[in-house]
Amino acid sequence: MTDKSNVPHRFTPAQIIVLGFLGIILAGTVLLMLPIATRTRTVTPFLDALFTATSATCVTGLVVYDTWTHWSLFGQFVILVLIQIGGMGFVAVAMAVNILRGTKIGLRQRFLMQETSGLPQMAGILRATRSIFLYTGILEGLGAVILACRFIPRYGTLRGVWYGIFHSVSAFCNAGFDLMGHGGKFSSMTEWVADPAVILTLSVLIIIGGLGFPTWLDLREHRHHLRRCRLQTKLIISTTIALLVLPFLFFVLYEFRQPQWAGYTPWERFWAALFQTVTPRTAGFNTVDYALFSGPGIMLTVFLMLVGGSPGSTAGGVKTTTLATVYLSVRSTLRRRRDTEAFGRRLEDDILSRSIVLIFVYLLFFLCAAAAICMIDGVPLASALFETASAIGTVGLSLGLTPTLSAPSHIILIFLMYFGRVGGLTMIYAVADPNNRTPGRRPQEHVTVG
């Protein structure tokens, strides 16, 4: 009989993802603590460096220091690299390096790439990885060129080019980090509120990055004929459109007609409404002060932050497919139908249970963390809820609360950002015993609900 204690432990894909992100965060923390990483050449405290490294790797955007005024060019470069690795996924980056080096990619690495990217099958995984990085490079490059053309006249050539690259990568990876602190700390993109070139470029990068790599490849395979695509792609596209159109109408017809926005021109209010529709989906940039938002506007923004992007994307949140699955299940129940259907297809039976688990876990952490921050720092509940939704949705929007919070509250936000990027189910599977399965099924009994 084999002694199991002598068998080397094999990490599951979920455990590799959890530990891999943790390793990248710790490496980034060490680099950001170096004196060369700050403008004043001083050592950044460990917790503040850890918070920034977590926010960058988890493509969140919440900060305790203004990125431009605190971090040197070296520090900004470290943050940018962490954003790129976090947005693409460390497994994808590692595979791309091995492909460039000509190293043979084993079956286990291919399976891990499939798990992390959300691709439907392992066949053609190397070709898909090459395509993902090619499209990413092209999109980020085009975004950088367009943004640089707007930034160079104002900031000069070198600084304008760097701004273009940094903000293009940050937008595509849905990170929300910015270098606009020279106009006022934590000002984000407020000075560009009515610039169509900047707003549209950032918005398109955010949306494409949030659609997910599997969606891109599916659309490419079927030459953008949505009817031929997989059900997941159809759900992602339809849900994304709904989450863009309906909030935009709310912001245009209600929010930006409120008295506090009277100082903005109709043109500025239009572009502000458009951008504030896009950016809560885990991007984190803002062109207006969220502290001026009405109660309904804050509530809608929190909802959009919690939903986030799509599976296999650079975005966080509970994902568009999770929201779509619950909506379809509710619709089927109200119509007294047995199966959950969409676009002529029936969803798998266990998809709804996974969706409910995800939403329950996200809401539990979101609410409990907000309550804890309220008790620790005595801040208003609404402000705490906004910060925790931003953290767990890996968004980065803030009401200005994050830099003022205590160390325990920062630790809570660090955990939420990490949890939101790694993913709820991945965290659960990483700590669960894969061999702990029920050998049989219990007798079934009816329970009345409602």
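Student: F343 sits in the loop between β1 (341-342) and β2 (345-346). What makes a stretch a strand or a helix here?

Tutor: Both are DSSP runs, numbered from the N terminus: a strand is a run of E with at least two residues, and a helix is a run of H or I with at least four. By that count, the protein chain has 18 helices and two strands. Before we go on, note that this is a predicted model, in which local features need pLDDT of at least 70 and side-chain atom pairs count only at pLDDT 80 or more, while totals for chains, interfaces and linings use all residues. Residues are numbered from 1 along each chain as its sequence is written, and side-chain values use heavy atoms, leaving out hydrogens and water.

Student: Why is F343 called partly exposed?

Tutor: Buried means under 20% relative accessible area, exposed means over 50%, and partly exposed is what lies in between (1.4 Å probe, protein chains only). F343 has 46% relative accessibility, so it counts as partly exposed. Its phi is near 55°, a positive value in a residue other than glycine.

Student: T282 also has a positive phi, near 80°, and is not glycine. Where is T282 found, and why is it called buried?

Tutor: T282 is in the loop between α12 (266-278) and α13 (295-307). Its relative accessibility is 0%, so T282 counts as buried. Across the protein chain, buried residues make up 51% of the 450 residues.

Student: How do you know that I25 is buried, and what does it touch?

Tutor: I25, in helix α1 (residues 13-33), has 2% relative accessibility and therefore counts as buried. Contact means heavy atoms within 4.5 Å. Leaving aside residues up to four places away in sequence, I25 touches L50, A53, T54, T57, C58 and Y418. From I25 to C58 the C-alpha distance is 8.7 Å, although they are 33 residues apart in sequence.

Student: L50 and T54 turn up in α2 as well. Why are α2 and α17 called roughly parallel?

Tutor: Axes are lines fitted to C-alpha atoms, for helices over the stretch in contact, and angles run from 0 to 180 degrees between N-to-C directions. Under 35 degrees is roughly parallel, over 145 roughly antiparallel, 65 to 115 roughly perpendicular, and the rest oblique. Helix α2 (residues 46-57) and helix α17 (residues 407-422) cross at roughly 20°, their axes coming within 9 Å, and α2 and α17 are therefore roughly parallel. The residues that meet include L50, F51 and T54 in α2, and I414, M417 and Y418 in α17. By class, this contact of α2 with α17 has nine nonpolar, four polar and one charged residues.

Student: What makes α15 and α16 oblique?

Tutor: Helix α15 (residues 349-377) and helix α16 (residues 381-392) pack at about 135°, with axes 8 Å apart, so the pair is oblique. Among the residues in contact are F365, F366 and I373 of α15, with L381, L385 and I392 of α16.

Student: How do you know how confident the predictor is?

Tutor: From pLDDT, its confidence in each residue, from 0 to 100. The mean for the protein chain is 86, and 85% of its residues reach 70 or more. Over residues 1-8 the pLDDT is below 50, and this stretch has one contact in the model beyond near neighbours in sequence.

Terms used:
Ala, Val, Leu, Ile, Met, Phe, Trp, Tyr, Cys and Pro count as nonpolar, Asp, Glu, Lys and Arg as charged, and the others, Gly among them, as polar.
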